[in-house]
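My notes follow in the order in which I went through them.

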Amino acid sequence: MLALSAGTFFTCGFSRKLPKNVTINGVEVGGKSRTQAVRLVRENIESALKEKSLTVYGKGREYVFTYPEIGYKDNLQALIKTVKNSGEYTAQVSYYLNGIGDITSYICGDESSPVIEPYATFNESGTPFDYFEGSDGVKADRLKLLNDIRASLENNFESVTVSTKPIKRNKTLRDVKFDTRLLSSFTTYFDGTNENRAHNIRLAAEKINGQVLENGQSFSFNSTVGERTEARGFKTAKIIEKGEFVEGIGGGVCQVSTTLFNAAVLSGCKISEYHPHSLSVSYVPPSCDAMVSGTYFDLKFENVTGRTLYIRALSGNNFVKFNIYGRGDGATYSYSSAVTGSIPAPVEETDDVNLVKEGKDGIISEGYLTVTRNGVQKKVLFRKDKYSPVKKTVLAENTEIVQPPQ
């Protein structure tokens, strides 16, 4: 009896019928149970919703949303409890777009385009730079789109258009060209008929060509060019060793480091390591050279210009040249040297005519850097150097010279 009474009570609670002549949102539900009434009204809402769509217009593209992407909420459960008499009742129905946050983010991402600033690409050969105009960007207004969609769903699903605004480029192509102008150039010449030495010069220059040095970044000649060995393509040519010119692997590479040293100085770089040759060289004046050897004598400099630097190497039959491009620090640089003294060459006598050789006095010299900024010129002592003399060997007096037989 208890179970039956409970069951009967439950059934009666849910089978309570609405009064006759009751409509909710235009649906006749009089005499229906509350559960039936809710189902009928919601079927009517969903049927009407399936006939609707929301269209969002973008640039050349439409985004269309329908049921069940579009959902709804109502207050039917609360309303139906208040129905006591016949009459027309209206339930509140509101519509929403499922995942509206992700959807608006996607649409705005699709309708937006980033600013592409004017830029240049650095070439290792041919024209130093290729220049590109870039393009303005477009930004879609996500917050407005979000609000417009919500408003549309409250007002008969009127179409929505994505609002965008242009984003202008910050730079011009003129700025880019100014950032990549020629800052310095330095050339030295060599004997192109000395094939091994010429090969080494071109090979070392090739390994440096195309280097890009960001502001604050340091350059190391030895790290960039690498070890000078036969396995890495370098050949035997004259090098300076222990104050004499002798054959060695990589001969001629110092001419490359010297040429780059001068270009770096003229571009405003900070020279952090350099070494003079033990003997003066013919391709630059004294105090203008920069010797490299092994891993312990290096040429190093730092880009302190505030902008990116681009290093271009060119080599021909008898020359090697470095051009450095960038914006610079606003100053111009020039470099000069002066011989301030000499070191007499020692003289040695011999009675062997085959040992006779020309000597060369040593050199004492100084290098000066002149910086011109805002019309003000400042000349500073950059370096002091001593180049050893080359011993002179002469025939001793009273040496009998024997003529070879005819």
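**Entry 1: the pocket.** I kept in mind throughout that this is a predicted model. I began with the lining of the largest pocket and asked which element gives the most to it. It is β16, with 4 residues. I then looked up the volume of the largest pocket, which is about 810 Å³. Its lining is made up of 32 residues, and those closest to the centre are K238, I239, I240, G251 and C254. I noted the elements that give two or more residues to this lining: β16 (236-241), β17 (244-249) and α9 (253-267). By residue class, I have 14 nonpolar, 11 polar and 7 charged residues in the lining.

**Entry 2: a sheet of three strands.** Next I traced an open sheet in which 3 strands follow the order β4-β3-β11, with mixed pairing. Which strands are at the edges? I found β4 (62-65) and β11 (160-161) there, each pairing on one side only. As a reminder to myself, the strands of a sheet pair through backbone hydrogen bonds, either parallel or antiparallel. For β3 (residues 54-57) and β4, I recorded the antiparallel sense, over 4 bridges. Within that pairing, I took down Y57, whose bridge partner in β4 is E62. I also checked what lies across β3 and β4, and it is helix α4 (residues 100-111). The helix runs at about 165° to β4.

**Entry 3: the hairpin of β8 and β9.** I moved on to strand β8 (residues 119-122), which pairs with β9 in the antiparallel sense over 4 bridges. Opposite A120 I found Y131 of β9. How many residues are between the strands of this hairpin? I noted 6, and among the hairpin's residues G126 takes a positive phi near 70°.

**Entry 4: aromatic pairs.** My last item was the count of aromatic pairs, which comes to 15. I looked up one of them, F129 and Y325, and asked why it is classed as edge-to-face. The ring centres are 5.4 Å apart and the planes stand at 85°, so the pair is edge-to-face, because planes over 60 degrees apart fall in that class. I also wrote down where the two residues sit: F129 is in strand β9 (residues 129-132) and Y325 is in strand β21 (residues 319-326).

Key: Residues are numbered from 1 along each chain as its sequence is written. This is a predicted model: local features need pLDDT of at least 70, side-chain atom pairs count only at pLDDT 80 or more; totals for chains, interfaces and linings use all residues. Side-chain values use heavy atoms; hydrogens and water are left out. On a 1 Å grid over the protein atoms alone, a cavity is a set of points where a 1.4 Å probe fits but cannot get out, and a pocket is an open set with protein on both sides within 12 Å along at least five of seven lines; lining residues have an atom within 4 Å of a point. Grid points are joined across faces, edges and corners, and a volume is the space filled by probe spheres set on the points. Ala, Val, Leu, Ile, Met, Phe, Trp, Tyr, Cys and Pro count as nonpolar, Asp, Glu, Lys and Arg as charged, and the others, Gly among them, as polar. Two strands pair if DSSP finds at least two bridges between them. Contact means heavy atoms within 4.5 Å. Axes are lines fitted to C-alpha atoms, for helices over the stretch in contact, and angles run from 0 to 180 degrees between N-to-C directions. Rings of Phe, Tyr and Trp (its six-membered ring) pair if their centres lie within 6.5 Å; planes under 30 degrees apart count as stacked, over 60 as edge-to-face and the rest as tilted.
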